[in-house]
Amino acid sequence: MHNEKQPLLTIENLHVAVDDKQILKGVDLTIYPGEIHAIMGPNGSGKSTLAAVLAGREDYTILQGKVFFDGKDLLEMSPEERAAAGLFLAFQYPVEIPGVSMLTFLRTALNEIRKSNGEEPIDTRTFLQMVREAAQLLGLGNDFLQRAVNVGFSGGEKKRNEILQMAVLRPKLAILDETDSGLDIDALKIVANAVNSLFGTIQSYLIITHYQRLLNYIEPDYVHVMYDGKIVRSGDKTLALELEAKGYDWLRSETLSSIELPSTTT
Amino acid sequence: MTNLQETKPLMHLLSATFDSLQGATPEQLEHNPFLQLRKRGLDALARTGLPTPKDEEWKYLNLAPYIRHPYQLPTSRESLPHLPQTLPMATIPVVFFNGLFQPHLLSPARGITVTSLAQLVDKASHDGTALGEQEHSIGQLLSPEDDPFVALNAALLHQGALLHITQTPSQPIYLASITQSGHPLFVNLRFAIRLSAGTAATVILDLRTLSKTAPAFHNIVSEIWLETESALTLIFLQNDTAQNYGVLTTRIAQTARSRSRLYTITAGNGMVRNTTSVQLNEPEAETVLYGLSILRDTEVADHHTAVEHLAPNCQSSELYKSIVADQATNIFNGKIFVHPEAQQTNAYQSNHNILLSDDARVYTKPQLEIFADDVRCTHGATVGQLPQEAVFYLQTRGLPEPVADVLLLHAFAAEVYEQLPIEPLRVWIDQQLSNRLFDIVDLAADRKLVDLQFATS
């Protein structure tokens, strides 16, 4: 279906370790523009490690494998180069930046990305209009933009703030790392609605989640199941429902019988 | 006096004082308070000498490299034709150029009386005219016996100014020591500042050099009285150049419901020692002390503060921060004394430091002595590095690492001066400090303040 297009993200046989412990053990994934992918899996399966490695966190050692983003070798790029190239990570645990207002933060980020892409800094009026629209989309008032980044935000505000940043920065690929965790149902709907309405401007999503409930609102084209550092199963959205119904234990027994795993002594 | 060895650093500066005392008659000594102060200064110095790192209060500041130069006292009568445009707003300039008062730069301003100390001292030694109350107040708050640099200042007592604020002035008072000298210069200044009841004033004490040829060493002693319900904002600007050194000893005595706010901005002078003390003598007096050091190369900043709660219902709060790069050193020693009669005291102190290199040094020591029981008193000190989680977060949003660093450092620093009441001065300080942060993280000059618009929103 997508032969005529170049993939946006290609992950080939990615092996990653942290502190001598191997976390990713051969991940393959290809995302084309216009696709929404979801990665599900139990805690500790390597989902968030994959997200962090894609965003450029330094604490990880790449043992093997390649990642291409929009035709470029992603693993050679600094985190800010990845951002400028159009990759965005919505953090599972957003970081507090005391003393830096949301407006200063967003404007600095936007202008740095524009500068990297050879564009002029944004003018104040356009910028303000843009962030206010984005805030409105996320159900956040203008006073929210005066506050210091994530300082004193509730859990739900922090998650909505990640999507607000995504709405302002307009990446090509957005990775949402457990954005649904800690959201009540109303906030979940707001976030899902924002994600859906930005789809198109944002070419592709990679949604990392433990639970199926976000996928009731954002419909993925592909669902991948991650287990013990590998994608052990891929399918369409019905796979998510199957996981929800049967739980990850089902997967564990399925996996053990169908997939070659390193032998354990137990 | 015979114990003073002229071969020791700075002691050669005292020969004129010897002469003035030896030429004085007993009557002159008895009636001239300035001569008495000089003598007490000499005597105190003879006993203690200048401090060394063996003195507890000077433990981490080795003065030797700064006092070893062949300093001279001001000799040139050259005056400063006009005030350099350092600050971005109009002020009432009380300026000393190469250590000498520049009365021609000062035009009469309503509500403030400025008296040249040198004029008073010279007059007293010639005709022994009876002195007013305020002249006698010199030396009342800071005794030569208390501190060796106060002793040295007393021994060299001549230049300085007495400022009496009787009505709230419309502009800040710019108390500046400006130097431009081909040889090492020792500038000894004495200030006495009194705010009458109900007045409010801003005083900016600035150390500035116009050329970078030879070192200038400032020894400045300030005694400040705040009468009932008066309010002082005192701003120390220490963001000059590496050869500009300063030891500044300041004491503020406050009466009922008076307020003081101090800002100490240290970011450029090679060595600065601030010995700052505030006495809250009557109920409901309040003081806030803010200090910020942004240091690089081998710069040293030493902030010793002491807040004395001597009456009930007073408040003090203290926030000192430092960013220390290269081989620079920041020292903070904060004393709070709550005397038995000072019930219902609120006293807060915090000191936070960021180290940017392995060779940078930070010494921090809170010292609380509380003798009253109904007291709320907190203190905290931290020493750390830039939070790497925050740097990474900003990088994923497109900020190159040095830009992320500057943004975080700026936010850390700005907390100290963001409440500074004079907007143009606050913006000027912000620009000066931002430029310094850009230099410290080695960000290209063309990026300065163009992409990072801190002043937005």
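Visitor: At what angle do the axes of helix H8 and helix H9 of chain B cross?

Guide: Let's start with how an axis is drawn. Axes are lines fitted to C-alpha atoms, for helices over the stretch in contact, and angles between N-to-C directions run from 0 to 180 degrees. Helices are DSSP runs of H or I with at least four residues, strands are runs of E with at least two, and both are numbered from the N terminus. In this predicted model, H8 (residues 388–395) and H9 (residues 401–417) of chain B have axes that come within 9 Å and cross at roughly 125°. That makes H8(B) oblique to H9(B). The scheme calls angles under 35 degrees roughly parallel, over 145 roughly antiparallel, 65 to 115 roughly perpendicular, and the rest oblique.

Visitor: Is the crossing of H8(B) and H9(B) left-handed or right-handed?

Guide: Here is the rule: a crossing is left-handed if the near helix is turned anticlockwise from the far one by less than a right angle, and right-handed if clockwise. H8(B) and H9(B) make a right-handed crossing. On the H8(B) side, the contact (heavy atoms within 4.5 Å) is made by B:Ala390, B:Val391, B:Leu394 and B:Gln395, and on the H9(B) side by B:Glu401, B:Ala404, B:Asp405, B:Leu407 and B:Leu408. Sorted by class, this contact has 6 nonpolar, 1 polar and 2 charged residues. For the classes, Ala, Val, Leu, Ile, Met, Phe, Trp, Tyr, Cys and Pro count as nonpolar, Asp, Glu, Lys and Arg as charged, and the others, Gly among them, as polar.

Visitor: How many of the residues of H8(B) are buried?

Guide: A residue is buried under 20% relative accessible area, exposed over 50%, and partly exposed in between, using a 1.4 Å probe and protein chains only. H8(B) is mostly covered, with 6 of its 8 residues buried. Those are B:Ala390, B:Val391, B:Phe392, B:Tyr393, B:Leu394 and B:Gln395. Over in chain A, helix H1 (residues 47–55) is mostly covered too, with 8 of its 9 residues buried. Just after H1(A) comes A:Gly56, which takes a positive phi of about 105°.

Visitor: How do H1 and H3 of chain B pack, and which residues make the contact?

Guide: H1 (residues 15–22) and H3 (residues 33–48) of chain B pack at about 125°, their axes 10 Å apart. This angle makes H1(B) oblique to H3(B). The crossing is left-handed. H1(B) brings B:Thr17, B:Phe18, B:Ser20 and B:Leu21 to the contact, while H3(B) brings B:Leu35, B:Arg38, B:Lys39 and B:Leu42. They divide into 4 nonpolar, 2 polar and 2 charged.

Visitor: What does B:Leu13 touch?

Guide: B:Leu13 sits in the segment before H1 of chain B, and at 5% relative accessibility it counts as buried. Leaving out residues up to four places away in sequence, B:Leu13 touches B:Tyr71, B:Gln72, B:Leu73, B:Leu156 and B:Phe186.

Visitor: What should I know about numbering and cut-offs?

Guide: Residues are numbered from 1 along each chain as its sequence is written, and chains are lettered from A and ligands numbered from 1 in the order in which they are written. Local features need pLDDT of at least 70 and side-chain atom pairs count only at pLDDT 80 or more, while totals for chains, interfaces and linings use all residues, and side-chain values use heavy atoms, with hydrogens and water left out.
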